[in-house]
Amino acid sequence: MRYVSTRGQAPVLSFEDAMLAGLARDGGLYVPEVIPTLPWNEIADLAGLGYEETAFRVMSPFVGDSVAPDALRALIDRAYAGFGHAARAPLVQIGENDWILELHHGPTLAFKDFAMQLVAQLFQHALAARGSRVTIVGATSGDTGSAAIDAFAGLDNVDVFILYPHGRVSEIQRRQMTTPTAHNVHALAVKGDFDDCQALVKGMFNDHAFRDEMGLAAVNSINWARVLAQAVYYFTSAVALGAPHRPVSYSVPTGNFGDIYAGHIARSMGLPIDRLVIATNRNDILHRTLQTGMHRIDGVEPTISPSMDIQISSNFERLLHELLDRDGQAVVNLMEALRQQGGYALPDAALARLRGEFDSGRSDEDETRATIAAIHEVTGQVIDPHTAVGVKAASDARGRPATPMVVLGTAHAAKFPDAVEAACGVRPDLPPRLAHILDAPERLRIVENDLAALEREIRMEVRS
Ligand SMILES: Cc1ncc(COP(=O)(O)O)c(C=O)c1O
Ligand SMILES: N[C@@H](CCOP(=O)(O)O)C(=O)O
């Protein structure tokens, strides 16, 4: 399997090389040259299999000969061994044919663990074989950072620098990043928003001298391996609800467009997904894009679903590449317009295809709170604000009731206790294994939104 850049000017790489490269050298994102399909009968055969075996079957065609099959199985088994639920991603019913796919049973209580625990295993495998080391730089609005710090803490051949927007993540998210004591992980609070953090990360990758000197690697969904691992739970959940014999719809709380893009990949592989609903909070650039055809950045507004406080959705570039018939130069032109003019109009044909493949919805702050309260009242479930955005968008987009609608439950409510308590009167507790973070000492540095200063800081730390 070969991977090409969305901008068409970077070397073509294997799965493992693309995973270790992170951002392509032309500034684009790696995508598979072709999306392999799983035949109908092979999807049917997934029924009754464990999560790990499904992961192996879904991911193998993308991994190709980068990792031997037995080794891949062992890495997958290790990645999910620490999850707190036998099903890994259980479905919980919230209505007649409405479900939440709980993705919070990993070590840091958010869906990010599904990919991050596996990516850490894949990195270790690759780095040990090559005898090399990397410096991971990542941007987070709260959950990717905690998942990365948990997954990579204490590893010999990796330093990790996580940039998060100062004052714009929940206290629990911050403490998950700042209380681990391993010397190879570093939380940096950037004076800016998530988009600034992500721009700094991409800026470091696009500074090729710094990138090569530090051996930079990425664990954001810039990294194809992240997206691939996230495609697996669409298969486990759809098959549990009757696929491929019947279609299933999904509503996906969306920020950086990684999780829903993983659903799009699952559908492209042959999984019968009926509707894919992009669920946004009031940072609704993607919802507006679908409604108007204009993709235009607005200021990022803080919300009670802070992990989705994003305007520049990195993975939208991967979808654009497809909508523009894999024309790298056309992608470059739109990304330049986004950078220089703050937006672009989608060409008509691309917009029609986008609307054919996705629905979208938006939840403002009051609606998100009302959804948390309503779900608690009707089902007794306490859901987090990101999941609530997904539930709201799902109910707005609800099509044929015969088709199951699955909302991705992207985080545990205990990561956002204040917002959840204010909405439904119940204060969700952290699981006992995480309670220590509430009074453990914190370790963080506050940094300016300045690429050169950040590079100096990282260089100094890696050399010390
Ligand atoms: C809890 C939660 N929900 C939803 C999202 C949005 O996911 P994505 O960025 O893949 O669109 C995020 C951030 O990634 C998140 O942390
Ligand atoms: N919401 C995310 C933002 C980064 O997304 P990623 O999937 O590209 O890593 C977060 O919690 O950090």
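The model is predicted, with local features needing pLDDT of at least 70 and side-chain atom pairs counting only at pLDDT 80 or more, while totals for chains, interfaces and linings use all residues. Residues are numbered from 1 along each chain as its sequence is written, and chains are lettered from A and ligands numbered from 1 in the order in which they are written.

Five strands form an open sheet in the order 8-5-6-7-15, with parallel pairing. At its edges, strand 8 (216–217) and strand 15 (445–447) each pair on one side only. Strands here are DSSP runs of E, at least two residues long, and helices are runs of H or I, at least four, numbered from the N terminus; two strands pair if DSSP finds at least two bridges between them. Strand 5 (residues 134–139) and strand 6 (residues 158–165) are joined by six bridges, and Val137 stands opposite Phe161 in strand 6.

Now find Lys112, which lies in helix 5 (residues 112–130). UniProt, in an unreviewed entry, places "modified residue: N6-(pyridoxal phosphate)lysine" at Lys112; such annotations may be inferred rather than shown by experiment. Is Lys112 buried or exposed? Lys112 counts as buried because it has 33 C-beta neighbours inside 10 Å (20 or more is buried, 12 or fewer exposed, in between partly exposed; C-beta atoms are placed from the backbone). Leaving out residues up to four places away in sequence, Lys112 touches Asp143, Thr144 and Ala147 (C-beta atoms within 7 Å).

Conventions. Two residues are in contact if their C-beta atoms, placed from the backbone, lie within 7 Å.
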